[in-house]
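Please take a look at the model below before reading on.

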Amino acid sequence: DNSSEFIPKCRTCRRQVREQSGEGDHHEGLSSDEELAPTEVDEFQKSRDNVLEDSRKIFEDVHADFCDIRKILLKFQEWKEKFPESYCDAYISFCLPKLLNPLIRVQLISWNPLEQNFTELEEMPWFRAIEEFSDAENVSES
């Protein structure tokens, strides 16, 4: 099997390239495959910034009542209180996850649980709104 011979040769080649280029900050045992070049980091950051900018524009032309999760859930709560039979017949509890999915995904685009100061999911406004709606449903059903 030549694969076991290939790995040490690759490491040796990379070590020689690092020594010739004068890179002194490499630590043995860390994979150089995971190290990103500054240009790759810049490209990634630009791409990430573009995605975040585009995500802010997604709901620009949508009426505020239909792009705010809390307001949407209030409309469903009103429907349930005024017309409980048609609300149940429409299987709203099955439809809400699909309806809210795009709104939640847009809010999660910039969320990174690996960052040091990330917001817990339970602390996000959309999570609290859904939690309040769920509590209100449970109270009215009981």
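Colleague: On what basis are residues numbered and features reported here?
Modeller: Residues are numbered from 1 along each chain as its sequence is written, and side-chain values use heavy atoms, with hydrogens and water left out. This is a predicted model, in which local features need pLDDT of at least 70, side-chain atom pairs count only at pLDDT 80 or more, and totals for chains, interfaces and linings use all residues.

Colleague: How many salt bridges does the structure hold?
Modeller: A salt bridge here is a side-chain nitrogen of Lys or Arg within 4 Å of a carboxyl oxygen of Asp or Glu. Side chains of opposite charge can pair when their charged atoms come close. By this criterion, the number of salt bridges in the structure is three.

Colleague: How many residues apart are R48 and E115?
Modeller: The side chains of R48 and E115 meet in a salt bridge, at 4.0 Å from N to O. R48 belongs to helix α2, whereas E115 lies in the loop between α5 (92–108) and α6 (125–141); helices are DSSP runs of H or I with at least four residues, strands are runs of E with at least two, and both are numbered from the N terminus. The pair thus links distant parts of the chain, and the separation is 67 residues.

Colleague: Is R56 buried or exposed?
Modeller: R56 forms a salt bridge with E53, at 3.2 Å from N to O. The two are three residues apart in helix α2 and therefore separated by about one helical turn. Buried means under 20% relative accessible area, exposed over 50%, and partly exposed in between (1.4 Å probe, protein chains only). Because its relative accessibility is 56%, R56 counts as exposed.

Colleague: Which residues does S55 contact, leaving aside its neighbours within four places in sequence?
Modeller: S55 is found in helix α2, which covers residues 38–57. Its relative accessibility is 10%, so S55 counts as buried. Contact means heavy atoms within 4.5 Å, and, with neighbours within four places in sequence set aside, the residues in contact with S55 are V106 and I109.

Colleague: Which helices hold E132 and R70?
Modeller: The side chains of E132 and R70 meet in a salt bridge, at 2.6 Å from N to O. The pair ties together parts that are 62 residues apart in sequence, because E132 lies in helix α6 and R70 in helix α3 (residues 69–82).

Colleague: How far apart are the end C-alpha atoms of α5?
Modeller: The expected span of a helix is 1.5 Å times one less than its number of residues. With 17 residues, α5 should therefore span 24 Å. The distance between its end C-alpha atoms agrees, at 24 Å.

Colleague: At which residue does α5 bend?
Modeller: The bend at a residue is the angle between axes fitted to the seven residues ending there and the seven starting there. In α5 this angle is about 40 degrees, and a proline, P102, follows within four residues of the bend, which is at N101.

Colleague: What is the angle between the planes of Y91 and F94?
Modeller: Rings of Phe, Tyr and Trp (its six-membered ring) pair if their centres lie within 6.5 Å; planes under 30 degrees apart count as stacked, over 60 as edge-to-face and the rest as tilted. A search of the whole structure finds five aromatic pairs. One of them is the tilted pair of Y91 and F94, with centres 6.0 Å apart and planes at 40 degrees.
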